Amino acid sequence: MPMTAQPTRAQPDPSLYPWSQERLEFVSAQANPFPRYGAATNSLASRDGDIYLIGGLVNGTNVKGDLWIVESGGGSLSCYPVQTTAEGPGPRVGHAALLVGNAFIVFGGDTKVEENDVLDDTLYLLNTCRLYVEQG
C-alpha cells in the first residue's frame, strides 16, 4: 500500500500574498525522504506528474545516494523509495538533475569522502520506464 502525504489545509494568510503555504504530513516516517539538503530533483514533473529526488545530506552528517519518486495526483502526494537493478550515482550533495523524456539525468556534486578522493565526473542516465518502486 502506498504511503500518502495528506496536505493540511489552513485558512489563507493574506500577509503571505502572493505566496501560500501547505504542510505535508506523511503517514509513515519510513516513507519520508525529508528534510534533506543539497538533493537534486527534476525541475519539471514528468507527463504523469512524477518528481524524482536523489541524494543529499540528511541530519547534517549523512550523505545519501538514494532515489525517491514523488507522485502527485488527487490533491495528495505519494512518496516511495526506488530500487534500481544496477548501481547508480552514489552518495552526493549539491549535484544537478533534469528529466528529458524518460531519462532522469544526474551530474556532479560533492562526492568526496576523504580529502584525496577524486570528484565523480560521470553523467548518469536513469531510464524511468524501468523503475521498481518499493511500496510498503
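Predicted model: local features only at pLDDT ≥ 70, side-chain atom pairs only at ≥ 80, totals over all residues.
Two residues are in contact here when heavy atoms of one lie within 4.5 Å of the other.

Ile54 touches Ala39, Ala40, Gly65, Asp66, Leu67, Pro89, His95, Phe104 and Val106, leaving aside residues up to four places away in sequence. Ile54 also belongs to the largest nonpolar core, which has 13 residues. Tyr52, Ile54, Leu67, Phe104 and Leu131 are the members that touch the most others in this core. Two or more core residues come from each of β4, β5 (62-73), β6 (76-83), β7 (96-100) and β8. As a general note, nonpolar side chains in soluble globular proteins tend to be buried together.

Now for the chain as a whole. Of its 136 residues, 34% count as buried. Taking contacts between residues at least 6 apart in sequence, 43% join residues at least 24 apart.

Which two residues form the aromatic pair? The structure holds 1 such pair, made by Tyr52 and Phe104, and it is tilted, with 5.4 Å centre to centre and 40 degrees between the planes. The pair links distant parts of the chain, since its residues are 52 apart. Both of them are buried.

| Residue | Strand | Strand residues |
|---|---|---|
| Tyr52 | β4 | residues 50-58 |
| Phe104 | β8 | residues 103-107 |

Ile51 is also found in strand β4. Is Ile51 buried or partly exposed? Ile51 counts as partly exposed because its relative accessibility is 31%, and the partly exposed class runs between under 20% for buried and over 50% for exposed. Beyond residues up to four places away in sequence, Ile51 touches Thr41, Asn42, Ala45, Trp68, Ile69 and Val70. Ser72 is 21 residues from Ile51 along the chain, and their C-alpha atoms are separated by 8.3 Å.

Finally, a look at the surface. Phe107, Leu123 and Leu125 form a nonpolar patch there, and together they have about 320 Å² of accessible area. One of these residues, Leu123, lies in strand β9 (residues 123-127).

Key
Residues numbered from 1 in each chain as written. Heavy atoms only, no water. Buried < 20%, exposed > 50% of the residue type's maximum accessible area, 1.4 Å probe, protein only. Phe/Tyr/Trp six-rings, centres within 6.5 Å; stacked < 30°, edge-to-face > 60°. Helix = DSSP H or I, 4+ residues; strand = E, 2+ residues; numbered from the N terminus. Patch = residues over 30% accessible without salt bridge, like charges linked within 9 Å, V, L, I, M, F, W, Y side chains within 5 Å. Areas by Shrake-Rupley, 256 points an atom, 1.4 Å probe, with all protein chains shown as cover. Salt bridge = Lys/Arg side-chain N within 4 Å of Asp/Glu carboxyl O. Core = buried A, V, L, I, M, F, W, Y, C linked by side-chain atoms within 4.5 Å.
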